[in-house]
Amino acid sequence: MPASFNRTTPVLNRMGNLRRSALLALGLFLPGREWAVTSVTAGRAVAPGERRVVVAPAETLSVHGGAVGITRGDVVVLLLPGPVGSAFSMRSVIRELQGRGIESLVVDPLGMGASTRPKGADYALSAQAARMARVLDTELPAGVSVVVAAQGTSATIALHLAATDTARVRGVLSMAGGPIDKQGTPGVRTALTFAALLDNPIGRGFAKRRFVSALRDQSADDRWLTDDAVKQYVAPIEHDLRGLLRTLGAMQASVEPYPIAARLARITAPVRLLVGDKPSGSAPTVAQVSLLQTHVKRFTLDTVHPAGTMLHEERAAEVARAIDEMVRGARR
């Protein structure tokens, strides 16, 4: 059945299995294997097409892709992966965008994917947005605009960026991400409780199985979850569980100095939220959608049929089409 958009209220509910939620939280910040960072030390091999952009002492972000020959007035897509899958998870969207002749940058936020996981860093989502602004300053010529497409919790990073850089951000597309002020709540708290259990080979195997099960539960069509994709998604559970848990704890402990609710009214660019029609505890809540409807001047809500919250994997063509519409609007 082909996917389609429908402007309607998303189907929202809560997952009833607390243990599954805990292990899903452990899946946060999962990169693909070729982009995996298994420690915060220097010396990790740079993957083909990857660049490292230093945004602060000990803070280095992994950047993939780019726009060749762009000049003032052009529009580039900034892709912000969510915590699950990281840069690897955007491969299908990138391919679809390339087929439409659209240039894109993919940036792993600090603590995710191949970006570093420094101790003592500020993991507030507003701080993550400030880092993205520094990456754009480095990667793009002056006068180039961006449409930001972000998955999951990274959508709030995009909203902060749109509120603080209104001249450059010309559109925000959220893939199943509602506005939040802290990542991983309440799943992170439960995941940290399970840390001792998971920090051993038997526990890691259990976490891997439950994590894959949770990904399937979030998908209306799980054919994207091939053996290779599973290997890419679960790599950090196998290789750096302690680093993953440390980062989860740091993000849980972060304090947001600029609540996103107070910034939404400052966004001048159009904001479009895509959600799937399959109920999922990872979907934006009714309260989050209402917050966007109330405070964002140009807000659109679309439901994709059939889909879960892994829209970038299940329905990459529909995501790319929505991005293309925003890019064309920005160019006009």
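The count comes to 2 cavities of 30 Å³ or more. A cavity is a set of points on a 1 Å grid over the protein atoms alone where a 1.4 Å probe fits but cannot get out; lining residues have an atom within 4 Å of a point. The model is predicted: local features need pLDDT of at least 70, side-chain atom pairs count only at pLDDT 80 or more, and totals for chains, interfaces and linings use all residues. Residues are numbered from 1 along each chain as its sequence is written, and side-chain values use heavy atoms, without hydrogens or water.

**Second largest cavity**
- The second largest cavity holds about 30 Å³ of space, a volume being the space filled by probe spheres set on grid points joined across faces, edges and corners.
- Its lining includes Ala 155, Leu 159, Arg 272 and Phe 299.
- α4 (154-164) and β8 (271-276) each give two or more residues to this lining.
- β8 has the largest share, 3 residues.

**Second largest pocket**
- The second largest pocket has a volume of about 220 Å³; a pocket is an open set with protein on both sides within 12 Å along at least five of seven lines.
- Of its 13 lining residues, His 64, Gly 65, Ile 94, Gln 98 and Ser 104 are the closest to the centre.
- β3 (59-66), α2 (91-99) and β5 (104-108) each supply at least two lining residues.

**Whole chain**
- The chain has 12 helices and 9 strands, taken as DSSP runs (helices H or I, at least four residues; strands E, at least two) numbered from the N terminus.
- Of the 332 residues, 58% are buried (under 20% relative accessible area, 1.4 Å probe, protein chains only).

Notes. Buried < 20%, exposed > 50% of the residue type's maximum accessible area, 1.4 Å probe, protein only.
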